[in-house]
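Please keep the sequence and the structure at hand while reading.

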Amino acid sequence: MKILVTGANGLIGRKTIKALQIGNKNQIFATSQRKIQANPNIEFFTVNLIYSDINKLVETLKPDVLIHCAALSSPDACEVDKYSCKKLNVEVTSRFATACRDYGTHLIFLSTDFIFDGKKADYTETDFPAPICYYGESKLEIENIIQDMKIGATIVRTSLVYGYEEHLSRSNIALRVIDHLKNGLSYRVPFDQIRTPTLAEDLALALITIAEKREGGVFNVSGGEKLSVYEFSKRIAVCFGFDESLLISTSTEELSEPAIRPLNTSLDITKAKILLNYQPTSLNDSLKILKNQLHQK
Ligand SMILES: NC(=O)c1ccc[n+]([C@@H]2O[C@H](COP(=O)([O-])OP(=O)(O)OC[C@H]3O[C@@H](n4cnc5c(N)ncnc54)[C@H](OP(=O)(O)O)[C@@H]3O)[C@@H](O)[C@H]2O)c1
């Protein structure tokens with residue numbers, strides 16, 4: 001399979017590329033904004049997608065599948081810089097969708113649980129989206145554009161993705177908890193935000209299954225266990241043998257972050273289990289995998 005992955009310095013892009021390299025079956029192209037570590041088996045493009053000729057990129061490479069991970073993915077960054085959020089999350093993705101239509105490329109787009117208002121729980125793919133922050137709005141806007149274009153595309157909604165790779169574009173909840181606790185520092189985590197945290201390796205495998213099957217439509221792909229961010233952080237502390245009392249259970253209101261957080265965005269992953277044979281790793285095993293990776297670094 002000829003495959004283009006954008007956002008290759010990010011957690012999801014990195015894990016996806018790693019998984020795609022297994023067995024040497026795929027021809028991989030990748031883009032990122034900052035320079036990417038040299039890898040002889042991948043053709044890299046260091047580009048700012050906002051100012052790139054996306055049509056030309058897709059026309060030249062003609063990938064069978066595009067896994068589009070590049071985004072302004074921090075909800076707070078999107079809230080304070082709505083202009084860049086719109087440019088990258090909506091306009092760039094829309095240009096990719098048009099190019100995918102024109103060159104017969106299957107588009108896999110990464111969306112988020114933040115398209116929901118968090119007042120329900122166990123959201124399915126057909127539940128009504130109602131974002132309450134700009135990041136979620138931008139993702140819903142482009143989801144709708146992609147769906148209206150009626151192209152070969154898959155929208156993958158995921159939640160609180162965690163994992164380790166060197167020199168990541170940005171950290172994630174698990175790494176932040178570990179960094180604080182191992183240094184004896186307290187860390188405030190919300191008890192009222194319920195999520196289905198996702199091991200990045202599980203998501204990467206699901207993306208590859210979708211790419212191989214060209215399975216279109218909307219899919220929730222997340223971990224299989226629903227818990228608060230505070231409980232999740234406690235499970236990390238226990239697995240790593242850190243002092244749990246350094247975790248300070250805090251309300252979302254007290255945290256007062258720039259982007260409003262939806263409270264319960266737990267995702268129902270029944271569809272992915274049936275159609276993609278998706279089997280997320282248990283939380284205990286996921287944390288053991290993460291612990292091994294951090295011990296090896
Ligand atoms: N992580 C999560 O918990 C989560 C949850 C739900 C949905 N998602 C979605 O999943 C996708 C991937 O997430 P992630 O966590 O892997 O993201 P990430 O770690 O923030 O990585 C984002 C990637 O986008 C690239 N990028 C940013 N601005 C760019 C620009 N102007 N031109 C070209 N590339 C640019 C970054 O490149 P540089 O680092 O080189 O600048 C980086 O490789 C995103 O669409 C995100 O919204 C993530």
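Predicted model: local features only at pLDDT ≥ 70, side-chain atom pairs only at ≥ 80, totals over all residues.

The structure has one cavity of 30 Å³ or more.

The lining of the largest cavity is made up of 13 residues, and those that lie nearest its centre are Pro197, Gly223, Gly224, Thr281 and Leu283. Sorted by class, this lining comprises six nonpolar, five polar and two charged residues.

## Residues around the ligand

The ligand is surrounded by 27 residues, the closest of which are Arg34, Ser73, Tyr135, Lys139 and Ser169. By class, the shell around the ligand contains 13 nonpolar, eleven polar and three charged residues.

## Polar contacts and cover

Two of the closest residues, Arg34 and Ser73, can be described at the level of atoms. A polar backbone atom of Arg34 is 2.7 Å from an oxygen atom of the ligand, whereas Ser73 places a polar side-chain atom 2.5 Å from an oxygen atom of the ligand. For Asn48, an N or O atom in the side chain is 2.9 Å from a nitrogen atom of the ligand.

Helix H1 (11-21), strand E5 (106-112) and helix H5 (134-149) are the elements that give two or more residues to the shell around the ligand. Which element gives the most to this shell? Strand E5 does, with three residues.

Note on methods: Residues numbered from 1 in each chain as written. Heavy atoms only, no water. 1 Å grid on protein atoms, 1.4 Å probe; cavity = no way out; pocket = protein on both sides within 12 Å on 5 of 7 lines; lining within 4 Å. Points joined across faces, edges and corners; volume = space filled by probe spheres on them. Nonpolar A, V, L, I, M, F, W, Y, C, P; charged D, E, K, R; others polar. Near = heavy atom within 4 Å. Polar contact = N/O pair within 3.5 Å; in protein donor to acceptor, adjacent residues only side chain to side chain. Helix = DSSP H or I, 4+ residues; strand = E, 2+ residues; numbered from the N terminus.
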